[in-house]
Amino acid sequence: FTETLFCVLFAAEMSLRLYAYREAFFFVDEYLWNILDLGLVVMQVLDQIISLCTLFDLPINMTFMRVARLMRLTRITRMVRMLRLFNELRMIVKSVSKSLSALV
C-alpha cells in the first residue's frame with residue numbers, strides 16, 4: 001500500500017512539473033535530472049501496473065517484468081539528487097563536526 005501511495009504522489013508531482021514547465025522541462029539547466037526523474041516515475045508506474053497484473057493473474061511477459069524490476073533499482077539515483085540539494089547543509093554539518101573535534 002505504501003509503495004502505491006508514493007507512486008501516486010510521485011506521478012502527481014511529475015504531472016504538475018510537466019504542466020508547469022511544459023517544454024521548458026526538457027530545456028532548463030538541469031534537464032538531465034528532469035529526464036531522469038521522469039524515467040524513474042514512468043518505471044515506477046509500470047511496476048505498479050505489473051504488480052496489478054500479477055495480482056489478478058493476468059498474463060504478462062516475465063522477461064519484461066524482470067527488466068522492469070532491475071530498472072527499479074535506478075530509483076536510488078533519486079536519493080543522490082536529494083543529497084546534491086543539501087550541499088549547503090552538508091557543509092554546515094561538516095564544519096560543525098570539525099569544530100567540535102578541535103575542542104575535544
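Modeller: Let's start with patches: they are made of residues with over 30% relative accessible area and no salt bridge, where like charges are joined within 9 Å and nonpolar side chains (Val, Leu, Ile, Met, Phe, Trp, Tyr) within 5 Å. A salt bridge is a side-chain nitrogen of Lys or Arg within 4 Å of a carboxyl oxygen of Asp or Glu. This is a predicted model, so local features need pLDDT of at least 70, side-chain atom pairs count only at pLDDT 80 or more, and totals for chains, interfaces and linings use all residues. Residues are numbered from 1 along each chain as its sequence is written, and side-chain values use heavy atoms, with hydrogens and water left out.

Colleague: Which residues form the nonpolar patch on the surface?

Modeller: Tyr21, Phe26, Phe27, Val28, Tyr31, Leu32 and Ile35, with about 700 Å² of accessible area together (Shrake-Rupley method, 1.4 Å probe; for residues, only the protein chains shown count as cover).

Colleague: Why is Phe27 called exposed?

Modeller: Its relative accessible area is 68%, and exposed means over 50%, buried under 20%, partly exposed in between (1.4 Å probe, protein chains only). So Phe27 counts as exposed.

Colleague: And why is Phe25 called buried?

Modeller: Phe25 has 0% relative accessibility, so buried is the word. Phe26 has 34%, therefore partly exposed.
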